[in-house]
Structures are given as C-alpha cells and as structure tokens.
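Before reading on, please load the model in a viewer that can display side chains and backbone torsions. The paragraphs below are meant to be followed with the coordinates open.

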Amino acid sequence: MALKLMDIIEYHDSTGEIMVHRVPESGSAETKLGSQLIVREDQKAVFFRDGQALDVFGPGKHTLTAANLPVLTNFIGKLFDGRSPFRTEVVFVNTKTFTNSKWGTPEPIPFRDKELKFVRIRAFGAYSMRIIESQLFVNKVVGSQGRYSREQIEDFLRNIIIARFADFLGEVASKGVSIFDLASNYDEVAIGAKSRVQGDFEKYGLELTDFLINAISLPEAVQKMIDERASVEAMGGLGGFTQYQAASAMRDAAKNEGGGAGTGMGMGAGLGMGMMMPGMISQAMQGNMQSQQTKPCPHCNAAIPATAAFCPNCGKPTQTTKACPHCSNQIPADAKFCPNCGKETTPQKVNCPHCKKPIQAGVKFCPECGKQISE
C-alpha cells in the first residue's frame, strides 16, 4: 500500500501470482527515518532511490534507522544533510515457490531413433520456480514496472526450456537410447534436462526447483503402428493376431446383413471374406499348432519337435521302444530278449546256402538270391 508519506510500508498479495510489486507503483514517495517496513515471510524488500538499488531487507518488521540503513543513511546524508523525510521506492519480491507452470513443445522435435530411424516427437510437462536473487531479478527482468506477475515471464521461460530440452534429447539420441526407452526413464531425462535449464534460470535470479515430464508423444500414425505391434505380441505372435483379425472381419461382415444396396455390397464382401476366413483361420491355427507341438527329449529333457527322430540338442535317438519281432509287443529299444514272449529280439544271422550272403535265421527264401532255404 502506498502512502503519500510512507510511515508504514508493506504489500500483501491476495492472488499469490504477483512476483514483484513496487511501492508506490510508479515514481517514488516520501518516507522518513523511524518509518516501519513490514516484510512478510515469503517476501524480500529492495530499497530503490533514483532507480538504484540501495539495500535488501528480509522477512520481519523493520524500523528505518541509521543503524539498519547504513547505505541509505550515507546516501541521505550526502543529499539531504542527514535530514528526513526523503524520497524512495520499495520493491517487494515474492520469494515463494511458484508451482505447476506448464511447458510443452509447440512444434514436434526431430528425434533420431535407433529403431524407428527418424521420428518427430512432442513433449509436455510442468515445472516450479522461485526467486533466489531478488535484486538481480528486479534489475534484469522487471525493470521499472510497478507490478510483475508469473504469467508475464512464463512465455520467456517456456522458450528457454524447450530449446534446452530439444538439445538434451539430441544428446540422448546420440547415445543410442530409443524412443521406447524414454517412457520408462522420464525421471532420468527430466533430471538431465533440468541441469541444462538451471543455468539459464540462474542468470535471471531464479531457481528451477522442479522439472517434470508428463508425456513424450509420437505422431498419430507412428503411435498406431506401435499399438498394432504391441497387439500382435500380446496375442501370442502373428498366428494369434491373424485369428483375432479374421474373427473381427467375420463379426463386422455379420453386422452388415439385412441392409440396402450399399449394405448388400457390404454383405457380399462380408460373405466372401467369411468364406475365406475359415481357411485362413485353419491355416493360421495349423501353422501355430505345428510350431507349438513339441515333446521332451527322453535323454536331456530339451523341448524338441514332436516328429524328431533324434534330439537336436544331445543327438541321441528319441525313440525308446520297439516292437518285438515275434509277439509285436512294445519293448525297450535296447532289449535283447522280449520280456513278454522271452524270445531273442535280435534275430540270428546265417549264411544263405546258395549265395552265401548273411540272412535272418528262419526265413524260407533268401532275400539276396531268392532261392528257397531248405529246413
């Protein structure tokens, strides 16, 4: 509040959005030694004379005396021979943390991705800030304005953030980080970007207390492709996804039944698709089942194709039984005698009496020369 003779100098901001307020808002006013300066807990007060900052007061109730205004007293003494009242102006600076300011990229940022090669992304988030150097902020940002709000500086700070954020993303991409990794590393990216922005804020007497990333988004077409890829993986691969797509097409075709000319065309297309779908489904299911039918190796327990005769892992035969040549019962593959009929499972060999070639004992004709074997 500004008085013609400022006996009590104070300012209260009911909105919480004013960063700087000057008393009086324009020009200067008279005050005197012994006047009261009230600075609230979230404020600092900068004394000005002829546009020059003379001193800064922290929170509390201050009585203006020669003791607590040495600089001002010297100044007064020089111009007014130590007499008061004197003309001055006081700038109240709000030192609270201004939260939930928004930032976002108005245009997509080019990002060289190791998987997608080159995409254009957008990013959004929020940040918090506070004034840490009152005199610096007033001199560099506010100037002689009577009032300065958060809204007035947000556009400027947003431009700083976007420029530094884009530069940092370029560095991230150069390290081989994919766009798919960014979503799970928002905190790490935010910390890195904050360190880049902080230096620019400090040049104006500000501290960037928080920097948050809410979203990094891809173009709609790219996002749709990624969603479809995720759907394929979620449905167990291409086979499952094909079944789902086929079922969806059949369902849509069924919905088109019973309409006009346009509907009829849709129904025809739907029926045609419906006739194709069973084959596609069967083929997809068959391929899927074939790819999934396995059995454990009886020797090393590795999963091997169900039709494999030898284990591709240990190289051993996968068949563990054989049919007895006498009673046809299944017996262990390495058994020399059948546990069912007791006969020898490996037939004895004899020489053909005609061609002398080895043949199985008990046969009636030689498989080599074809002549009858006499008993």
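What follows moves from the whole chain to its helices, and then to its loops and cysteines.

This is a predicted model, in which local features need pLDDT of at least 70 and side-chain atom pairs count only at pLDDT 80 or more, whereas totals for chains, interfaces and linings use all residues. Residues are numbered from 1 along each chain as its sequence is written, and side-chain values use heavy atoms, with hydrogens and water left out.

The protein holds eight helices and 18 strands, where helices (H or I, at least four residues) and strands (E, at least two) are DSSP runs numbered from the N terminus. Of its 375 residues, 33% are buried; here buried means under 20% relative accessible area, exposed means over 50%, and partly exposed lies in between, with a 1.4 Å probe and protein chains only. Of the contacts (heavy atoms within 4.5 Å) between residues at least 6 apart in sequence, 58% join residues at least 24 apart.

Helix α2 covers residues 134-142, and its buried residues are S134, F137, V138, V141 and V142. Viewed down the axis of α2, these buried residues fall within an arc of 105°, so they line one face of the helix; the arc is that of the directions from the helix axis to the C-beta atoms. After α2 comes G143, with a positive phi near 70°.

Helix α3 spans residues 150-174 and includes E154, and R150 also has its place in α3. R150 counts as buried because its relative accessible area is 11%, and E154 is likewise buried, because its relative accessibility is 15%. Which residue does the side chain of E154 meet in a polar contact? The partner is S101, whose side chain makes that contact at 2.9 Å; a polar contact is a pair of N or O atoms within 3.5 Å, and within protein one must be able to donate a hydrogen and the other to accept it, while residues adjacent in sequence count only if both atoms are side-chain atoms. The side chain of S101 is also joined to that of R150, by a polar contact of 3.3 Å. When residues up to four places away in sequence are not counted, E154 touches S101 and Y127, and R150, with neighbours within four places left aside, is in contact with E17, M19, F98, T99, S101 and M129.

Helix α5 (residues 186-202) has 17 residues, which at 1.5 Å a residue should span 24 Å, and its end C-alpha atoms are 24 Å apart, which agrees; the expected span is 1.5 Å times one less than the number of residues. V197, which belongs to α5, is buried because its relative accessible area is 0%. Leaving aside its neighbours within four places in sequence, V197 is in contact with I160, I161, R164 and L208. V197 and I162 are 35 residues apart in sequence, and their C-alpha atoms are 9.2 Å apart in space.

Several loops carry backbone details to inspect. A cis peptide bond joins V23 and P24, with omega about -5°, and P24 is found in the loop between β2 (18-23) and β3 (29-39). N301 lies in the loop between β13 (294-296) and β14 (303-305); its phi is near 65°, a positive value in a residue other than glycine, and N301 counts as exposed at 61% relative accessibility. K356, in the loop between β17 (349-351) and β18 (358-360), has a positive phi of about 70° although it is not a glycine, and K356 counts as exposed at 57% relative accessibility.

How many disulfides does a search of the whole structure find? It finds zero, with a disulfide taken as a pair of cysteine sulfur atoms within 2.5 Å. C341 is in no disulfide, and the nearest cysteine sulfur, that of C338, is 3.6 Å away. C341 is partly exposed, with a relative accessible area of 30%, whereas C352 is buried, with a relative accessible area of 0%.
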